[in-house]
Amino acid sequence: MSHPIHSALDAATADAIDEVYRLWDPPLWIVTAADGERRGGLVATFVVRASIVATAPRMVIGIAKQHHTWRLIEAGRGFALHLLATDQLDLVWRFGLASGHDTDKFAGCPSSSTPSGQPRLTQAIAWLDCRVEGRLDIGDRTLYLGAVTAGGTVRRTTPMTVATLYDRAPPERREELSRLYARDGALDEAAIRAWRADGFPT
């Protein structure tokens, strides 16, 4: 089954929608995952609470397929989520600016393991341990429904948000973030268009 082909939005409509998104300032999460001895992690732009049931907590994340962490989640069927304090920009640079295909982001970074064996950043202010119980391919990325099996708060403080990150980033880091965001956006756009043309993968 194929999806209707949507043409690109005109500039005025795209700007209006972008203004809506700018009203929303979500917390910044670092997603980590492991498959055997291989570890990885990234700064995620799509992490959402998916259950209000205290005894059955769930999260949904969307991970782009070009990332090393995507491969680890696909293989290991689990991931961990981490919230950062507003002064932990160093972890954003470590996990958000380099590629896990080329470097070990955990080298020299204090870490341990969650009960399920996912990498846990011990500096993070809070963490959740998740087991994948559902997945959906949407072209540019895979949506994972994770059953939260463990978690904890290391210290209670205001978590870093996307707006906080951009406000506190020095100009050269902000420029680098914008460049990487634009690069990933171009890859995502091509993948979305291909998915809409081809329909759900079989």
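1. A word on burial comes before the rest. Buried means under 20% relative accessible area, exposed means over 50%, and partly exposed is what falls in between. By that scale Glu176, with a relative accessible area of 25%, is partly exposed. Please keep in mind that this is a predicted model.

2. Glu176 has a charged partner. Its side chain meets that of Arg173 in a salt bridge, at 3.6 Å from N to O. Both residues belong to helix α5, which covers residues 171-198, and they sit 3 residues apart, about one turn of the helix. Arg173 is partly exposed as well, its relative accessible area being 28%.

3. How many salt bridges are there by this rule? The count comes to 11. Another example joins Asp184 and Arg183, whose side chains meet at 2.9 Å, N to O. Asp184 has 18% relative accessibility and therefore counts as buried, since the limit for that class is under 20%. Arg183, at 44%, counts as partly exposed.

4. Salt bridges with shared partners link Asp140, Arg141 and Asp188 into one network.

5. Next, strand β5. Of the 6 residues in this strand (residues 78-83), 6 are buried, so β5 is largely enclosed by the rest of the structure. In a regular strand the side chains alternate between the two faces of the sheet. In β5 both faces are covered: Gly78, Ala80 and His82 are buried on one side, and Phe79, Leu81 and Leu83 are buried on the other.

6. Which strands does β5 pair with? One is β1 (residues 29-35), in the antiparallel sense and over 4 bridges. Here Leu83 of β5 is the bridge partner of Trp29. Another is β8 (residues 126-137), also in the antiparallel sense, over 6 bridges. On that side His82 stands opposite Trp127 in β8.

7. Phe95 lies in helix α3 (residues 89-96) and Phe106 in the loop between α3 and β6 (111-113), so the pair ties together parts that are 11 residues apart in sequence. Phe95 counts as buried at 1% relative accessibility, and Phe106 counts as buried at 2%.

8. Last, the surface. Leu9, Ile17, Tyr21 and Trp24 make a nonpolar surface patch of about 460 Å². One of these, Ile17, lies in helix α1, which covers residues 11-22. Ile17 has 32% relative accessibility and so counts as partly exposed.

How values were computed: Residues are numbered from 1 along each chain as its sequence is written. This is a predicted model: local features need pLDDT of at least 70, side-chain atom pairs count only at pLDDT 80 or more; totals for chains, interfaces and linings use all residues. Side-chain values use heavy atoms; hydrogens and water are left out. Helices (H or I, at least four residues) and strands (E, at least two) are DSSP runs, numbered from the N terminus. Buried means under 20% relative accessible area, exposed over 50%, partly exposed in between (1.4 Å probe, protein chains only). Patches are made of residues with over 30% relative accessible area and no salt bridge: like charges are joined within 9 Å, nonpolar side chains (Val, Leu, Ile, Met, Phe, Trp, Tyr) within 5 Å. Accessible areas come from the Shrake-Rupley method with a 1.4 Å probe; for residues, only the protein chains shown count as cover. A salt bridge is a side-chain nitrogen of Lys or Arg within 4 Å of a carboxyl oxygen of Asp or Glu. Two strands pair if DSSP finds at least two bridges between them.
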